[in-house]
Amino acid sequence: MKKNRVIAMCMVVVFVSFMGFLIEGVWMSITKGFFNNRNMHLPFLIGYGLGVVVIDLLWGKPQSPHFCGKEFPFKNKIINFILYFIAIFFTVSVAELIMGHTMEALCGFYWWNYTYLPLHFTRYTSLPTGLLFSSAISIFMGLGYETLIRLFEKRVNSIMKVFAI
């Protein structure tokens, strides 16, 4: 992988981490009536940024889905998109379960709780949140991810390298 692409991917992690901070802040504002940064010192939730890179490595993009580099076996784009969406849904749900239970075990509190939502599977995941996250991720991976990487690749300089790290 070219060095500029790695720096560009790091910048996408930073960008998406900031977007995750905003998404969660808006969600908290709507559901709880206040904006909460979850005790972060900077406005970034790195799980969001790292998540899109992991999704790219595991599943690719909606227009060219794969599993760990092995192309999906179907030639039909609609079937491939549906399978991609389902894969993202399960990936997000498992990630939320792992993160939620890990934080509960290590810190002794519930970082979030979806039991008030209909169709919740546990306190950490639900059908509505899984569908919303999967939709947003699928749209972003299909339309924005590679575009952002190319944009950042063209502008790599020493300041960006420091900021990306």
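## Basis

The model is predicted: local features need pLDDT of at least 70, side-chain atom pairs count only at pLDDT 80 or more, and totals for chains, interfaces and linings use all residues. Residues are numbered from 1 along each chain as its sequence is written, and side-chain values use heavy atoms, with hydrogens and water left out.

## Lys61

Lys61 lies in strand β1 (residues 60–61); strands (E, at least two residues) and helices (H or I, at least four) are DSSP runs numbered from the N terminus. Lys61 counts as buried because its relative accessibility is 12%; buried means under 20% relative accessible area, exposed over 50%, and partly exposed in between (1.4 Å probe, protein chains only). Asp56 is buried as well.

Leaving aside residues up to four places away in sequence, Lys61 touches Asp56, Tyr84, Met141, Tyr145 and Glu146, where contact means heavy atoms within 4.5 Å.

## Salt bridges

Arg5 pairs with Glu146 at 2.8 Å between the closest N and O atoms. Arg5 is in helix α1 (residues 3–32) and Glu146 in helix α5 (residues 145–154), so this pair ties together parts 141 residues apart in sequence. Salt bridges link Arg5, Asp56, Lys61 and Glu146 in a network.

Glu104 and Arg123 also form a salt bridge (3.2 Å, N to O). Glu104 is partly exposed at 23% relative accessibility, and Arg123 is partly exposed at 25%.

Definitions and conventions: A salt bridge is a side-chain nitrogen of Lys or Arg within 4 Å of a carboxyl oxygen of Asp or Glu.
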